[in-house]
Amino acid sequence: MNTPAKLVTYVAGLAVVFGAALGVGSAVGEVGAPPRATAPSEGAGPAGAGHGESTSHGGQNGDQNGGQNSATTKPAQAAAQDTPGGLQVSQNGYTLTPLTATIKPGEPTDFAFTVTAPDGRPVTDFQVQHDKKVHFIVVSRDLTIFQHLHPEEGANGVWTVKLTLPEAGVYRAYADIFPTGASALTLGADLFAAGDYAPKALPQVSRTAEVDGYTVTLDGDLTPGKSSKLTLKVSKDGKPVTDLQPYLGAYGHLVALRAGDLAYLHVHPDGEPGDGKTKPGPEITFYAEVPSTGDYRLFLDFQHDGTVRTADFTARAGQAAAPAASPAATPSADPSGSPASDHDSTPHGH
């Protein structure tokens with residue numbers, strides 16, 4: 001090939017290369033261009049945290065993404081709603097952060113922690129629940145040790161509490177809180193006390209507890225998925241105690257924990273002191289809803305003669321009641337006279 005022919009071939013090759021480069025550049029866009037801003041989804045920030053709702057935008061991409069988000073977020077929302085409190089260190093953007101790393105068994109420790117908001121800053125504004133801004137519950141992982149503490153608020157959102165873990169082992173700490181502008185929630189974190197550790201067996205199911213000369217009896221059964229009425233009766237020396245003192249806005253405070261994963265369940269007292277109908281003993285009534293069958297530990301705090309005492313029980317939740325059978329749907333006929341398809345007449349469970 002002579003020199004002019006070689007030059008023509010070389011120039012043609014360059015044209016092909018640069019043409020392809022231009023095509024790629026057009027498809028990708030400007031190199032180094034900043035990404036388009038994405039509108040925040042509904043529920044972002046402290047006030048809307050926890051809703052988990054996704055927002056789709058108009059146009060083909062919005063329709064496609066909205067459909068995909070709906071398909072993927074709905075199961076996640078359902079899972080979040082079915083998850084009891086205390087199993088997560090972070091929920092709805094709020095995070096429990098222990099600031100004390102070392103806890104020696106049997107030694108009082110000034111335990112410090114913060115609760116950070118979705119913006120990463122410590123929360124300094126909580127609603128009062130049952131006379132306190134923060135309820136701090138600590139239990140051993142084998143559910144044989146229980147403490148209900150009330151931390152003191154310090155500067156910059158730091159809370160401190162005098163904590164003594166009596167034995168070596170693993171413990172679960174719960175912060176039961178209600179950040180202003182959000183929803184009430186319970187965050188949990190594991191604590192460790194170094195040393196030889198031998199977990200104890202779960203105490204056997206019982207309807208009677210003895211503590212400091214007091215006898216507390218439990219009446220009522222836990223039914224999964226339903227609000228269960230639990231009545232606890234306090235007596236001393238065989239006589240009913242009829243002068244219980246208010247504690248945390250009620251004549252008793254009950255904490256329920258599920259054996260196995262230590263899920264924290266909210267239990268609501270029936271009535272309150274001074275309402276004109278709730279008596280100061282001997283009976284204290286609560287309503288609890290447990291999510292599953294199995295064993296639960298119940299811890300009742302009550303106050304009498306100026307001292308708060310804790311009675312504990314192991315209760316077993318039985319099988320959930322079967323829903324009432326609905327009458328079978330009658331197939332409807334379409335204009336052609338054929339019955340509707342099975343798919344149309346089959347009810348869908350949730």
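Biologist: Which side chain meets that of Asp 110 in a salt bridge?

Modeller: Please note at the outset that this is a predicted model. As a general idea, side chains of opposite charge can pair when their charged atoms come close. Here the side chain of Asp 110 meets that of Lys 162 in a salt bridge, at 2.7 Å from N to O. Asp 110 belongs to strand S3 and Lys 162 to strand S7 (residues 158-163), so the pair ties together parts that are 52 residues apart in sequence.

Biologist: Is Asp 110 buried or exposed?

Modeller: Asp 110 is exposed, with a relative accessible area of 53%. The cut-off needed here is that exposed means over 50%.

Biologist: How many salt bridges does the protein contain?

Modeller: The count comes to 10 salt bridges. Among them is that of Arg 207 with Asp 221, where the closest N and O atoms are 2.3 Å apart. This pair links distant parts of the chain, 14 residues apart: Arg 207 is in the loop between strand S9 (185-193) and strand S10 (208-211), and Asp 221 is in the loop between strand S11 (214-219) and strand S12 (227-236). Arg 207 is partly exposed, at a relative accessible area of 39%.

Biologist: Which residue forms a salt bridge with Arg 316?

Modeller: The partner is Asp 295, with a separation of 2.6 Å from N to O. Arg 316 counts as exposed, at 53% relative accessibility.

Biologist: Let us turn to the strands. What is the order of the strands in the open sheet of 5 strands?

Modeller: The general idea is that strands of a sheet pair through backbone hydrogen bonds, either parallel or antiparallel. In this case the order is S1-S2-S3-S7-S6, and the pairing is antiparallel. Strand S1 (90-91) and strand S6 (152-153) stand at the edges with a single partner strand each, so one side of each has no neighbour in the sheet. Within this sheet, strand S2 (residues 94-98) pairs with strand S3 (residues 109-116) over 4 bridges, in the antiparallel sense. Thr 97 has Thr 114 in S3 as its bridge partner.

Biologist: How many bridges join S11 to S12?

Modeller: S11 and S12 run antiparallel and are joined by 6 bridges; Val 216, for instance, has Val 234 in S12 as its bridge partner. S12 also pairs in the antiparallel sense with strand S17 (residues 283-289), over 7 bridges, including the one between Ser 227 and Glu 289.

Biologist: Where is the positive phi in the hairpin of S12 and S13?

Modeller: Asp 237, in the turn, has a positive phi of about 55°, and 2 residues lie between the two strands. S12 and strand S13 (residues 239-240) pair over 2 bridges, again in the antiparallel sense, and Lys 239 in S13 is the bridge partner of Lys 236.

Biologist: With which side chain does the side chain of His 135 make a polar contact?

Modeller: The side chain of His 148 is the partner, at 3.1 Å. His 135 is placed in strand S4 (residues 135-140) and is buried, with a relative accessible area of 2%. Beyond four places in sequence, the residues His 135 touches include His 130, His 150, Tyr 174, Asp 176 and Leu 248. His 135 and Tyr 174 are 39 residues apart in sequence, yet their C-alpha atoms are 7.8 Å apart in space.

Biologist: How many helices and strands does the protein have?

Modeller: The secondary structure comes to 3 helices and 19 strands. Of the 350 residues, 33% are buried. Among contacts between residues at least 6 apart in sequence, 61% join residues at least 24 apart. The accessible surface comes to about 20,400 Å², and 53% of that belongs to carbon and sulfur atoms.

Terms used. Residues are numbered from 1 along each chain as its sequence is written. This is a predicted model: local features need pLDDT of at least 70, side-chain atom pairs count only at pLDDT 80 or more; totals for chains, interfaces and linings use all residues. Side-chain values use heavy atoms; hydrogens and water are left out. Two strands pair if DSSP finds at least two bridges between them. Buried means under 20% relative accessible area, exposed over 50%, partly exposed in between (1.4 Å probe, protein chains only). Contact means heavy atoms within 4.5 Å. A polar contact is a pair of N or O atoms within 3.5 Å; within protein, one must be able to donate a hydrogen and the other to accept it, and residues adjacent in sequence count only if both atoms are side-chain atoms. A salt bridge is a side-chain nitrogen of Lys or Arg within 4 Å of a carboxyl oxygen of Asp or Glu. Accessible areas come from the Shrake-Rupley method with a 1.4 Å probe; for residues, only the protein chains shown count as cover.
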